[in-house]
Amino acid sequence: MSAPDDVRSERTLSFPEGFLWGAATAAYQIEGAVSEDGRAPSIWDAFCRSPGAVEDGESGDVACDHYHRWREDIALMRELGLQTYRLSLAWPRIVPDGDGEVNPEGLVFYRRLLEGLHEAGISPMVTLYHWDLPLKLQERGGWGSRDTVDAFVRYARTCYEELGDLVPRWATINEPWCVAMKGNLIGDHAPGEKDLSTALAVAHNVLLAHARAVAAFRDTGLAGDIGIVLNLTPATPASGREQDVAAARRFDGFFNRWFLDPLLAGAYATDMVEWYSRQGALPLVSTCEVETLAEPIDFLGVNYYYRKVIRASRNGMLRLTEVPQEGEHTTMGWGVTPEGIHDILVRLARDYRPIPIYITENGAAFPDKIDPDGRVRDPRRLAYIRDHLSQVHRAIEDGVDVRGYYAWSLMDNFEWERGYSQRFGIVYVDYPTQHRIPKDSARWYAQIIKKNGLPAEG
Ligand code: FCB
């Protein structure tokens, strides 16, 4: 006999005291105002203008107009009871040409925004780099050049000095895998290169920039935590065949270990070093320098969306292919695989040293619409978030030190090469009017935050 509803709703998966509940965004995806108050173009402004690069020729020119509507957006966060908000700073607003003069107007914008969050009782996590590299730096080699590493550290120092009193949590870089591989190997992100050697040089320089920015933060003596955000994608072999097992391990090396190993263990994964060397693509870096990449961090940010099933193939640089799976998929075409978030969290604690973790992004795009009564019903997103949260809870019970969760995203926004076709928000944005409507998932999330827990399924 099943339990009556009222009994069932009393059973709760409680999260640890002090667990932080939030939502995340990134500057280029929401701000708009790309030519205002001294902001200079980034690689994404340029990429959006190359024909065919972004769906429907869209760009972040206006996006959610958050640059002008941030007060309203903070009010919305407050209404939902968010305890923390993950945002990113636009480097081309703060140091427009990447490495020259600081633009005071850029700093004023972020100071007001951060003060506004504090006044609303919302504790920020600030990402220094979420993909909007100043275009001037790309013209001088971008992340492929060591000069960009130096420029990033100077930019980071400016941010610490000018905004550090308002920032309890810093994240240096968002998703180095995407910066390196989508931007420079696959080429569907800015700057749109397609070259493995460049991608690996970028991956190294981005990690180096991270490590040096962490060291620079320690030098300031400021209070606060600092970490990095990785997108992690677990890979399951399609069968027990040796080739499939090796292919899944290679995918893991390419996607996860190439970043986790240097950051947490100070060395590149040897199987991948061999693989890349055979392709003649490995940048020459000293072991001493690789060791510096493990500069101690206070937390690891994990972005999780899906896991993949992999089998060996004759094609592609990695000689593997993804096996399509049955079941629920989002409009991004991503499979819905909540157990993967548990597995990756447990694996981090097992394979590396224990480290505090924030889920810095997790969420789903579905085809939302405003119903005639003005409501946006998004049961599939609600279920996605609920099922992932319940797996995060399971990981915590298994001993993983998870400190908080950020839904991606606070609101619908510019989804990179997919333009505005993908709605990830828990808040709906009606782009023609810029009207914001909290979706059902947002209202539900507000309840979860209030309870610091999730109703267990009976
Ligand atoms: C992540 C990005 C984020 C958003 C989500 C859907 O890779 O960090 O900006 O686009 O995917």
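These legends describe close-up views of cavities and a nonpolar core in a predicted model.

**View 1. The largest cavity and its lining.** Searching the whole structure turns up two cavities of 30 Å³ or more. The largest has a volume of about 40 Å³. Its lining is made up of Ala 27, Tyr 28, Glu 31, Gly 32, Val 34, Arg 39, Gly 60, Ala 90, Arg 93 and Asp 132. By class, these lining residues are four nonpolar, two polar and four charged.

**View 2. The second largest cavity and its lining.** This cavity has a volume of about 40 Å³. Thr 25, Ala 26, Ala 27, Ile 30, Glu 31, His 66, Tyr 85, Leu 87, Ser 88, Tyr 110 and Leu 113 line the second largest cavity. Helix H2 (27-30), strand E3 (84-88) and helix H6 (104-119) each give two or more residues to this lining. E3 provides the largest share, three residues. The lining has seven nonpolar, three polar and one charged residues.

**View 3. The largest nonpolar core.** This core has 156 residues. Trp 44, Leu 89, Trp 143 and Trp 170 have the most contacts inside the core. Helix H10 (residues 196-220) gives the largest share of the core, 13 residues. In soluble globular proteins, nonpolar side chains tend to be buried together.

**View 4. The surroundings of Trp 44.** Neighbours within four places in sequence are left aside here. Trp 44 then has contacts with Tyr 28, Val 54, Trp 131, Asp 188, His 189, Ala 190, Phe 414, Trp 416 and Glu 417. One of these partners, Tyr 28, also lines the largest cavity.

Conventions. Residues are numbered from 1 along each chain as its sequence is written. This is a predicted model: local features need pLDDT of at least 70, side-chain atom pairs count only at pLDDT 80 or more; totals for chains, interfaces and linings use all residues. Side-chain values use heavy atoms; hydrogens and water are left out. On a 1 Å grid over the protein atoms alone, a cavity is a set of points where a 1.4 Å probe fits but cannot get out, and a pocket is an open set with protein on both sides within 12 Å along at least five of seven lines; lining residues have an atom within 4 Å of a point. Grid points are joined across faces, edges and corners, and a volume is the space filled by probe spheres set on the points. Ala, Val, Leu, Ile, Met, Phe, Trp, Tyr, Cys and Pro count as nonpolar, Asp, Glu, Lys and Arg as charged, and the others, Gly among them, as polar. Helices (H or I, at least four residues) and strands (E, at least two) are DSSP runs, numbered from the N terminus. A nonpolar core is a set of buried Ala, Val, Leu, Ile, Met, Phe, Trp, Tyr and Cys residues joined through side-chain atoms within 4.5 Å. Buried means under 20% relative accessible area, exposed over 50%, partly exposed in between (1.4 Å probe, protein chains only). Contact means heavy atoms within 4.5 Å.
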